[in-house]
Structures are given as structure tokens and as C-alpha cells.
Amino acid sequence: MFSAQIARTGLFPDLAGEAGKALRQSVREDGQITKSYMLMCGLSAGIATLGLLQSSTAVVIGAMLISPLMGPIASMGFGFASLDGRQIREAAKVIAVGAAIGILTGILLTWLSPIRNATSEIVARTEPTLLDLVVAVFSGIAGAYATVQQKGATAIGVAIATALMPPLATVGYGLGVANLSFAFGAFLLFLTNLAAIAFSFALIARLSGAARPLAKVEKAPRFILAGLAAFSVLAAPLGVTLYRVNAEARAQATVRRVLADELKLKPLNVAQLQVRWPLRGKPAIDAVVIVPQYTNDADRRLETKLEAEWGIKPSINLQQVVAADLQSQTQALVDAAVETSAAGIARDVPPLVAIREAVGLPTQALWVNRTERTVQLVPFAAEGWQLGDYRSAEQAAAKVAAGWNVRIVPPVQPTLAIAIELKDRAPQGDGAPQEDGAPQGNGALADAVWAIQRWGVQGISVAGYLQGAGTEAANATALAAAQYAVSQLANAGIRGSAKVLPGDRLQRGLPGPAGVVFEIVRPPERMQ
């Protein structure tokens, strides 16, 4: 009776008998893997990656137009509608190949590109939202309806690519810049949209009568298991996304209510509000409110109230814009909207608080290079800290930097005196004394090279020394030590010159019997 009611609407053609069989055969053939399918996946992903890196919507749309992912997704949807495990398994393989090509293309182009900053187009595809889910459902319905109406593949390809190829390119970008949170979020968006589109195809295929009658489906156990496995793989991320979207929507409503209660605000005075609640982690709130007067403890009051309701302490970034009259409030609302739009890439920010905590020193300068994803810090000179301590602090900060490169610039020293170990040589024959051995590296030398690299100086003069009489053998050993240090500088891309430390500078607190002195700061020309 339900099928009869659907047939009376006139929305679908008569697909009984040979017409339906021909349509199913056509969908299955279009969903097979071919050389042209793999080529178009690579080209589409390449265009999408370049469009994302340039933040060019037009280029991303160009990638959507040539995406070939429609075919296997339509085949998977028809397989779900018919409970055909064999067809589902074949379509899943084709989709997996296309996804792998898209991700690898994204990684390669990200590595080759001089531009690696996270644009607004990239950030927009790192977290599934309710709107993304609705777009995927509508795309699937449109694509399925066009399929059963046999209206051509172009409109279907656009509908499917809208929700799939850009997230795959974003996964490649995230892996390319070692930002696993971006890669995971984009992959979750891909799986969510894939599930929504495939299930939409299944629904339309069943309603229209285009799906194979269940009585004619091959019910081999292995194909049934394959179908159930594919359904579980797609249903799990879809359920996770629905849960997270629902949780964030309820949390946002709670935040609006608490803001109105604690700050006595009207709904219009909440200019911007964004609540992100990851599956594993605490909620993060970014809000811009227009208030007639500033409230000192607004953040603490909001945090206390929300922690009491949720049982977890949120992270709050609350900005209060003071505007007393109506004209000022209107201007503040416009400014807040423009600021939020301009800061579309601001979500890709380094965890500066965690980095500073890992360093453990007050910072006198800090700057961020988004293109190279680098955070550079200049800490204050600390008593008792040596170069190795600053280097260890840099390594500790890198562990909490979430994919960002951390560089600590230690306090500059005019000269660095480093002890050099000499490798023992075999004794001479006839009881002759043992000669001094070849120089070898140690941790202090590695720390010195690291510091010089961070200071960004070139043309370093390195003077070697050997305590004792200024004999030719001693001078040769001292020069060998200096040449060894210069070679270590060269390995780090630093130019240096070797010489022997003058005898009048020996015995002046130099470490060890042998070593080198790096002259970092040269005297000005007028003093030479």
C-alpha cells in the first residue's frame, strides 16, 4: 500500500521489470574501478587541495565538477537498498581507492606548496556540523533522484562532490602539516557525509522501486557479513557526529541562557557565540557580547555556573564590548561580525599556554609564523641555566605543540668556550710518549652549534686550544679541534673559520685541557 501511494505521486518513473533491472545494471557498472576513475580522483583532489590552500571557493567548485565519486557511492546506496552484500563490498573497495588517492594527492601537494597556512576553506572542513550533515543528506537525495530519473551524471557529480572531495583533500593537508586534529576532523566529516549520502541513495532507491526485490538477493553469509560491516563502519561516525552536534547545540543554548542571566543581556547583545565540545576533551567557548558596562568577574562567574551544570570545567574566551547607546551597540555588532569573518583561520593557532608552561621561563618576545607553522620564543636569561637546559626546554615544548615547530632563542653570549675530548691514539714504538688524539664531539658542542643556529649568525671564528707548551704538535692538535668544530657548524649550515687560540689567552678559565672558543660577537670596526 505504501508503494502504491508513492507511485500515485508521479515523482518516480515506472521501474518495474526490465527498466529497473537496466538502471541497477547501469549504476553497478558506473561504480566500478577504472583507470579513468583513478585519474579523475587524483585530478579532482589536486584541484581541491590547491583551492583550499588558496582559500579559493571557485577553484574548490572546479574540483567538485570533475569528482568521480558519484558512481561507487550510488552503487553502495543501491546495495544497501537491496541488502546486497556483494555490491556493497565492491562499491566500498572503489570508494576506498578513490579516498586513498585523494588523501595522498593532498599530502603530496601540501609538501610541495610554499603556502601551508590553514585557510578558512580548510578550517571549515575540520569539524562536522549540523549544516554539513543536512547538506550531505540533501546532496544524496538530489543525486539519487537524478539517478532514478536518469537525468545525467553532471548534476549528480556536483551533488556528491560538494560533501566529499574537499574533506579528503583536507585530510591530506592535515597529514601533510602533521596536524592530526585537522586530519581526524576532516576524515570524520568525510565518513559522516559518505554515510548520509549512501543512506539517502538507499532510501530513494527503495521508495522508487529501483532497488532489486529482496526475494532475488543472494543471501550468502559472507555477503551478508560484508553488508553489515559496511553499514556499521558508516553508521558509527554518523552516530558520533549526530551525538556531538546535538551536545554542542544543547551546550550553546545553555551558554546563551547563562550569559543572559549572569550579565543581564538581551539575546541580541550576544554578538558572536561558538561552542565546541570534542568527544574527548573539555568544552571551549568563544563569545563576544555587547554590554553597557564592563563586568570584572564575568569569565569566572560564567565558568562556575557552567561547571556546576555540566560537571566539567569549560575553557572560556569571553570578550566584552562596552557600548552604551543604540548606535554604539549596532556598530559593535557589525565590528564583531567583521572580526569573526576576518579571523576565520584563527582556529589554527598554536597552544601557546601549553608551550609556555613547558618552557618554564618568562618570555620577553614571542611570534608565530603561520606559513611555516613555527612558534619562536625568546626567554629571559635565567641564573644557572646553560645552553643544554634551553635546548631541553625547546624539546619539551615541541611535545605539546600539536604539530607546530617550536624554536627557543637562548640569551646571546659573546663567546662560548667548549671542552673537546681527544680520542686516544696508540703509543709510539720504542716507548715513545703517546700523541694527542683526534677530536670528537660531545653534548656541549652539540648544544653550542644549536644555540649558534638559533642566533642566526654566520662567519663564526673558532679558535682551538690545548693547554701546555706551545709546541708545533700542540698547535696542530688545537687547530684540528677548531677544524672539527667548524665542520660541525657546516653540517648545520653555518660558515666558520678555524684558527689556534693565542698563547696569551690560555689559562683564563677555559674548560678542560683541550677545546674551542666560539667568537659570536665580533668587535665593532672602530675598535679594530
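Colleague: Is F80 buried or exposed?
Modeller: This is a predicted model, and in it F80 counts as buried, at 12% relative accessibility. The cut-off for buried is under 20%.

Colleague: How many aromatic pairs does a search of the whole structure find?
Modeller: The search finds 4 aromatic pairs. In one of them the rings of F80 and F199 have their centres 5.4 Å apart and their planes at 65°, so this pair is edge-to-face. The angle of the planes has to be over 60 degrees for that label.

Colleague: Which helices hold F80 and F199?
Modeller: F80 belongs to helix α5 (residues 70-82) and F199 to helix α10 (residues 180-208). The pair therefore ties together parts that are 119 residues apart in sequence.

Colleague: And what does F199 count as?
Modeller: F199 counts as partly exposed, with a relative accessibility of 21%.

Colleague: Staying with α5, how do α2 and α5 cross?
Modeller: The axes of α2 (residues 18-30) and α5 come within 7 Å and cross at roughly 135°. The two helices are therefore oblique to each other, and their crossing is left-handed. On the α2 side the contact is made by L23, R24, V27, R28 and D30, and on the α5 side by G71, P72, A74, S75 and F78.

Colleague: At what angle do α14 and α15 pack?
Modeller: Helix α14 (residues 352-359) and helix α15 (residues 387-399) pack at about 150°, and their axes are 8 Å apart. They are therefore roughly antiparallel to each other; the cut-off for that description is over 145 degrees. The crossing of α14 and α15 is right-handed. I355, A358 and V359 of α14 make the contact with A393, A396 and A397 of α15.

Colleague: What about α15 and α16?
Modeller: α15 packs with helix α16 (residues 443-455) at an angle of about 70°, the axes being 9 Å apart. That makes α15 roughly perpendicular to α16. The crossing of α15 and α16 is left-handed. From α15 the contact involves L387, G388, Y390, R391 and E394; from α16 it involves A446, D447, A448, W450, A451, R454 and W455.

Colleague: Turning to loops, where is A178?
Modeller: A178 is in the loop between α9 (153-176) and α10. Its phi is near 60°, a positive value in a residue other than glycine.

Colleague: What is the relative accessibility of A178?
Modeller: The value for A178 is 44%, so this residue counts as partly exposed.

Colleague: And L501, where does that lie?
Modeller: L501 lies in the loop between β11 (496-500) and β12 (514-519). L501 is buried, with a relative accessible area of 6%.

Colleague: What share of the contacts comes from residues 24 or more positions apart?
Modeller: Among contacts with a separation of 6 or more, residues 24 or more positions apart account for 74%.

Colleague: And the accessible surface?
Modeller: The accessible surface comes to about 26,900 Å², and 58% of this belongs to carbon and sulfur atoms.

Technical notes: Residues are numbered from 1 along each chain as its sequence is written. This is a predicted model: local features need pLDDT of at least 70, side-chain atom pairs count only at pLDDT 80 or more; totals for chains, interfaces and linings use all residues. Side-chain values use heavy atoms; hydrogens and water are left out. Contact means heavy atoms within 4.5 Å. Accessible areas come from the Shrake-Rupley method with a 1.4 Å probe; for residues, only the protein chains shown count as cover. Rings of Phe, Tyr and Trp (its six-membered ring) pair if their centres lie within 6.5 Å; planes under 30 degrees apart count as stacked, over 60 as edge-to-face and the rest as tilted. Helices (H or I, at least four residues) and strands (E, at least two) are DSSP runs, numbered from the N terminus. Buried means under 20% relative accessible area, exposed over 50%, partly exposed in between (1.4 Å probe, protein chains only). Axes are lines fitted to C-alpha atoms, for helices over the stretch in contact, and angles run from 0 to 180 degrees between N-to-C directions. Angles under 35 degrees count as roughly parallel, over 145 as roughly antiparallel, 65 to 115 as roughly perpendicular and the rest as oblique. A crossing is left-handed if the near helix is turned anticlockwise from the far one by less than a right angle, and right-handed if clockwise.
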